[in-house]
Structures are given as C-alpha cells and as structure tokens.
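Please look over the sequence and the three-dimensional structure before reading further. The explanation then leads from the whole chain to its parts.

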Amino acid sequence: MKMSVVVPTYNLGSYLAPLLQDLTKQTHSFELWLVDDGSTDGTQKQIVDFARGVPNFHAVQLMHEGVSVARNYGLKRATGDGIVFVDGDDLITSNFIEILAQGLEQGAVLVSVGYEWYRRPQNQTDTFIELDQKAMFDQAAVHGSEIGGYIWNKAFSRKAILKANLMFDESLHIAEDYLFTTTFVAKTPGKYLYWPRVLYTKRNRPDSTLHRAQMKDRQEEDTVFQRIHKLKQAFKV
C-alpha cells in the first residue's frame, strides 16, 4: 500500500522540527509533499533541507495563498493509494502511517485514528472498529466527536477522492477540513475504519489560524456547517 503524506507549512518556526523528526521514525514507507505557503521565517529552508536527497520527498515553496491551496497542490501531485494530511505543527506516533495503511489494505475507503486535542478516546484499543457511511458522516459532521471531521487523523483512498472529484475549497479560511471530509463521506459508500488508540496529537499554537479567527471567520464556519447539513439531507443519512 503506497502512502502519500501532504504537509502544509506556514511560519511554523520551532514547531516544525518535532513533526519532521516524527516523519523520520515512521515504520511504513511513504511519499512526502512538504508544501510551504509563502513563509517568511525560515520554515521554507527547514523543509528544503529536510527533503534534500531523499527519494520521494518533495519540498515546494508557493506564494502565500492559504492552507487549502497548499493542500491542493500536494493532493494533485500525490501518487499514493492512500492520502494522509498532517499539519506541520503537530505530532504523530511512529506507527501512524503504518496503521492507516493497514486499514486501507483491509478495503476501507477512509481510516481514522485516535487523536488528542482537548480530549482523547476513553477506551483506547489496538483494533479497528468498522463504521458504515451514516455513522461516519454523523461523526464527521459535528464539532468535537471522537473521530471528528478533521483531515489530519485520517487516510483517504486516493481512488475515492478522484471518483468524488474532490478538492479543498480555496475560498474558505476556516472549517475547510470539515467540508472536505463530510463531502468525501457523502459521496463515498463503503467501509470506514477507526483505530481508537491515540496516534495523533494536535498542538495548540498561539498564532495558528484557529486562534486568530475573527467574527467573520466564525460566520464563515457557520455557513460551512449549513452546507454540511444540506449534504446530510441530500444523501439521506
């Protein structure tokens, strides 16, 4: 199972190095797309130095146009059977990619793992739990659920993404991950798997997009969830 990992970066400073170290410790091979969104603080140099000389590792520098543009750049060029999105300021365990690959190998169209961010799964086990399309949509369509609508604790079948003709909405500044995940689920019947052991840790960076969100961003988020509600009605879950 070939895996592609897409990591958008923007002015991450010292937050980036721990994630890069985690990537070097992975127990499953992968293609890597480090896509910088026009950093001005040396982040670009970090990713170029990290990828230099490593087969299937790519470091790309773009103009500052937003995280969705960066993710779409990697998504368009990724060649793996599975696509994994990781935020550049977070942490992953050494078996993160391996477990996601195992789930896809079992025929899942999407695989999720446990995450820690203000909460963590109460019952962590080393076994997959299967969900149907409706159960997965219900998890992805609300804030703070155990599986979540986030993209960063998941692996998506690239074949299913292509079939759904799915990309990130580059006009959004917030909640773009929820829209991507719920649209994927709405358009993709099949097996969904969840591994409840925490393999992904979301770190709270004071100057992140989430922390800098203003009232207009919150209004945009409300609009996104209205779109998600229509998705739920459209495919009758």
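Predicted model: local features only at pLDDT ≥ 70, side-chain atom pairs only at ≥ 80, totals over all residues.

Residues are numbered from 1 along each chain as its sequence is written, and side-chain values use heavy atoms, with hydrogens and water left out.

The protein has eight helices and nine strands. Its radius of gyration is 17 Å, close to the 18 Å that the globule rule gives for 237 residues, so the protein is as compact as a globular protein of that length. Here the radius of gyration is taken over C-alpha atoms, and the globule rule is 2.2 Å times the number of residues to the power 0.38. Helices (H or I, at least four residues) and strands (E, at least two) are DSSP runs, numbered from the N terminus. Along the principal axes, the C-alpha atoms fill a box of roughly 45 × 40 × 35 Å.

Of the 237 residues, 54% count as buried. Buried means under 20% relative accessible area, exposed means over 50%, and partly exposed lies in between (1.4 Å probe, protein chains only). The protein exposes about 10900 Å², of which carbon and sulfur atoms supply 50%. Such accessible areas come from the Shrake-Rupley method with a 1.4 Å probe, and for residues only the protein chains shown count as cover. Among the contacts with a separation of 6 or more, 84% are between residues 24 or more positions apart; contact means heavy atoms within 4.5 Å.

A UniProt annotation, from an unreviewed entry, assigns residues 4–125 to "domain: Glycosyltransferase 2-like". UniProt positions are given in the numbering used here, feature names are shortened, and annotations may be inferred rather than shown by experiment. The span 4–125 is 32% helix and 26% strand, and its end C-alpha atoms lie 26 Å apart.

Seven of the seven residues of E1 are buried. In a regular strand the side chains alternate between the two faces of the sheet. In E1, Met3, Val5, Val7 and Thr9 lie on one side and Ser4, Val6 and Pro8 on the other, and both faces are covered.

In soluble globular proteins, nonpolar side chains tend to be buried together. In this model the largest nonpolar core has 77 residues, and those with the most contacts inside it are Met3, Leu32, Phe85, Val86, Phe96, Phe180 and Phe184. A nonpolar core is a set of buried Ala, Val, Leu, Ile, Met, Phe, Trp, Tyr and Cys residues joined through side-chain atoms within 4.5 Å. Beyond its neighbours within four places in sequence, Phe184 is in contact with residues including Val109, Leu110, Phe156 and Tyr192.

Which residues of helix H3 (residues 67–77) are buried? They are Ser68, Val69, Ala70, Arg71, Asn72, Gly74 and Leu75. Their cover includes E1, E2 (31–36), E4, helix H6 (158–164) and helix H7 (176–187).

Asp36 is found in strand E2 and is buried, with a relative accessible area of 0%. Residues up to four places away in sequence aside, Asp36 touches several others, among them Thr9, Tyr10, Gln44 and Leu62. Glu221 is found in helix H8 (residues 215–234) and counts as buried at 12% relative accessibility. Gln102 is found in helix H4 (residues 96–105) and counts as partly exposed at 27% relative accessibility. Gln102 and Met1 are 101 residues apart in sequence, and their C-alpha atoms are 8.1 Å apart in space.
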